[in-house]
Amino acid sequence: MSRVRLIAMVFLAIVFSAVVLADFVAPAPYAKQFREAPNAPPSLKHLLGTDDLGRDAFSRLLYGSRVSLLLAPAAALLSTLIAAGVGGLAGYLGGWFERVALAATDLSLSLPWLFLLLTVRALLPLNVSPLLSVTITFALLGTLGWSSSGRIICSGARAIRQSDFVLQAKALGIPPHRLLFRQVLPNLNPVLAAQFWTSIPIFIIAEANLGVLGLGVAEPLPSWGNLLAGLQKIDVVVSAPWRLAPLALLLLVMACFHLIVPLDDPSR
């Protein structure tokens with residue numbers, strides 16, 4: 001393991017530990033307002049200052065990072081499971097099922113799924129509770145973001161289906177269901193793991209895009225999306241550059257993911 005990858009893994013471990021323990025690390029609840037100190041600069045009491053409503057920015061960054069970093073893997077898991085079900089069965093069964101599944105995958109890939117996600121999210125009520133908005137946002141991400149992974153998994157399952165050991169197992173009379181669960185799926189584990197890990201930063205960025213447009217996680221619950229939405233006023237950012245902390249953390253996390261995620265070799 002290279003030193004750069006090791007540093008990236010340690011940094012992500014620290015970030016994940018901080019957000020998981022946000023209830024103990026954060027100096028204040030994310031929704032608590034310090035009405036006597038709106039737009040306060042960084043201090044010992046407020047490490048990153050406060051926002052327009054007097055809420056502690058450091059606390060909101062911790063809780064917002066927890067929402068994005070813990071639920072993006074859940075959306076990636078849902079997306080990978082759907083891709084494994086559609087792509088894995090298509091590649092293993094072949095024939096008309098593969099043609100239909102690939103046609104559905106190509107149709108999904110031809111659609112700008114981010115805009116489709118925006119459309120579906122915009123049709124929902126704006127006054128939904130924060131918990132429901134979190135569930136809806138990441139459920140939509142996982143449900144709509146499976147198609148590219150599905151085609152890759154289908155290709156891997158097709159290659160395994162045509163391999164010598166599978167043909168030999170079929171010649172020996174091994175039942176198809178046993179062959180699927182004992183031979184095909186275990187050999188797809190590296191591909192599934194690679195698709196899962198590469199989907200996490202994609203869904204983090206997608207949620208951030210939704211939040212900037214006001215269609216992500218609902219206030220007062222923070223996420224990277226609605227934290228970045230506060231950076232739209234250039235004059236405020238210039239006068240208070242510490243408000244760029246959510247953007248800086250997002251860029252660092254994305255860079256670390258790209259350093260450690262097995263993008264080029266799914267078996268690493």
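These legends walk through several close-up views of one predicted model.

In this predicted model, local features need pLDDT of at least 70 and side-chain atom pairs count only at pLDDT 80 or more, while totals for chains, interfaces and linings use all residues. Residues are numbered from 1 along each chain as its sequence is written, and side-chain values use heavy atoms, with hydrogens and water left out.

**View 1**
Helices (H or I, at least four residues) and strands (E, at least two) are DSSP runs, numbered from the N terminus. Reading along the sequence gives the pattern α-α-α-α-α-α-α-α-α-α-α-α. The C-alpha trace spans about 80 × 45 × 30 Å along its principal axes. Of the 268 residues in the protein chain, 45% are buried; buried means under 20% relative accessible area, exposed over 50%, and partly exposed in between (1.4 Å probe, protein chains only). Contact means heavy atoms within 4.5 Å. Take the contacts between residues at least 6 apart in sequence: 72% of them join residues at least 24 apart.

**View 1. Helix H1 packs against helix H3.**
Two packed helices are described by the angle between their axes and the distance between the axes. Axes are lines fitted to C-alpha atoms, for helices over the stretch in contact, and angles run from 0 to 180 degrees between N-to-C directions. The axes of H1 (residues 3–20) and H3 cross at roughly 110 degrees and come within 8 Å. H1 and H3 are therefore roughly perpendicular to each other (angles under 35 degrees count as roughly parallel, over 145 as roughly antiparallel, 65 to 115 as roughly perpendicular and the rest as oblique). The crossing of H1 past H3 is left-handed: a crossing is left-handed if the near helix is turned anticlockwise from the far one by less than a right angle, and right-handed if clockwise. On the H1 side, Val15, Phe16, Ala18, Val19 and Val20 meet Leu62, Ser65, Arg66, Leu69 and Leu70 of H3. The residues of this contact divide into eight nonpolar, one polar and one charged. Here Ala, Val, Leu, Ile, Met, Phe, Trp, Tyr, Cys and Pro count as nonpolar, Asp, Glu, Lys and Arg as charged, and the others, Gly among them, as polar.

**View 2. Helix H6 meets helix H9.**
H6 (residues 130–144) and H9 (residues 176–212) pack at an angle of about 130 degrees, and their axes are 11 Å apart. H6 and H9 are therefore oblique to each other, and H6 passes H9 in a right-handed crossing. Look for Thr137, Phe138, Leu141 and Gly142 in H6, which meet Phe203, Ala206, Glu207 and Leu210 in H9. Five nonpolar, two polar and one charged residue make up this contact.

**View 3. Thr135 in helix H6.**
Is Thr135 buried or partly exposed? Thr135 is partly exposed, with a relative accessible area of 47%. The C-alpha atoms of Thr135 and Ala72 are separated by 11 Å, and these residues are 63 residues apart along the chain.

**View 4. Asn39, in the loop between helix H2 (22–25) and helix H3 (57–93).**
Phi of Asn39 is near 55 degrees, a positive value in a residue other than glycine. Asn39 is partly exposed, with a relative accessible area of 42%.

A disulfide is a covalent bond between the sulfur atoms of two cysteines. How many disulfides does a search of the whole structure find? The search finds zero, with a disulfide taken as a pair of cysteine sulfur atoms within 2.5 Å.
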